[in-house]
Amino acid sequence: MKRNAVCLMSSMLCLTTLSYAGEVMRTFRGEVSDSQCAMNVHSLTHSHQEMLKSKGLMGGTSAQCAMQCAKQMGGEFVLAAGKEVYRLDNQPEAEKFAGQRVKISGSLDAKTKTIHMVKTDPEK
């Protein structure tokens, strides 16, 4: 136990490793969206389609809409999986898949509904 305490005091990386140790790895599937559309801040349908039809500023694709909302309107990238919306802990990685359907391997912090992303692949 003291070894863990020393590890916690000496390295944040070790702290991170220990905090994830007990979490269960799962696979999540859905679209990397933005919190604005997925949580109905600007959309009533949880999707980009409504925004793409009504606002010329959002671009012409789901990816462009997600990028605009996340970069210019204060949103963040999330995983929209049916009626569930999960926060993603690695925003730079999530950005690479904006507007795409993906399969994310990781663990879920149920309290914050945040996926701790380990691996992301486009869904085929």
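Over the ring of which residue does the charged end of K113 sit? I looked this up in a predicted model. The charged end of K113 sits over the ring of Y86, at 5.5 Å from the centre of that ring.

**Entry on the turn**

I then looked up where K113 belongs in the fold. K113 lies in the turn of a hairpin formed by β4 and β5, and 4 residues stand between these two strands. I noted that K113 has a positive phi of about 55°. Two partners I recorded are M117 in β5 for G106 and T120 in β5 for I104.

**Entry on the sheet**

Next I followed the strands in order. They form a closed barrel of 5 strands, which runs β1-β2-β3-β5-β4 with mixed pairing. On average, and with direction ignored, neighbouring strands of this sheet are turned by 55° against each other. I found that helix α5 packs on the sheet and touches β1 and β2, while its direction makes about 80° with that of β1.

I asked myself what holds strands of a sheet together. Strands of a sheet pair through backbone hydrogen bonds, and the pairing is either parallel or antiparallel.

I listed the pairings one by one:

- β1 and β4 run antiparallel and are joined by 6 bridges; here F28 stands opposite I104 of β4.
- β2 and β3 run antiparallel with 4 bridges; the bridge partner of A80 is V85 in β3.
- β3 and β5 run parallel with 2 bridges; L88 stands opposite I115 of β5.

**Entry on the core**

I turned to the largest nonpolar core, which has 15 residues. Which of its members touch the most other members? They are F77, L79, L88, I104 and I115. I also checked which elements supply this core. At least two residues come from each of β1 (26-34), α5 (62-72), β2 (77-81), β3 (84-88), β4 (101-109) and β5 (114-122).

**Entry on L79**

Is L79 buried or exposed? L79 counts as buried because its relative accessibility is 0%, and the cut-off for buried is under 20%. Leaving aside neighbours within four places in sequence, I found L79 in contact with F28, R29, G30, E31, V32, E84, V85, Y86, L88, V102, I104 and I115. I also looked up T114, which is 35 residues from L79 along the chain; the C-alpha atoms of the two are separated by 9.5 Å.

**Entry on F77**

Not counting residues up to four places away in sequence, F77 touches V32, S33, D34, A66, M67, A70, L88, Q91, A94, E95 and A98. L88 is among the contacts of F77, and L88 is also among those of L79.

**Entry on aromatic rings**

Finally, I looked for pairs of aromatic rings. Such a pair is described by the distance of the centres and the angle of the planes. With centres required to lie within 6.5 Å, the count came to 1 aromatic pair.

Terms used: Residues numbered from 1 in each chain as written. Predicted model: local features only at pLDDT ≥ 70, side-chain atom pairs only at ≥ 80, totals over all residues. Heavy atoms only, no water. Core = buried A, V, L, I, M, F, W, Y, C linked by side-chain atoms within 4.5 Å. Buried < 20%, exposed > 50% of the residue type's maximum accessible area, 1.4 Å probe, protein only. Contact = heavy atoms within 4.5 Å. Pairing = 2+ DSSP bridges. Axes fitted to C-alpha atoms, helices over the stretch in contact; angles between N-to-C directions. Phe/Tyr/Trp six-rings, centres within 6.5 Å; stacked < 30°, edge-to-face > 60°. Lys NZ or Arg CZ within 6 Å of the ring centre and 35° of its normal.
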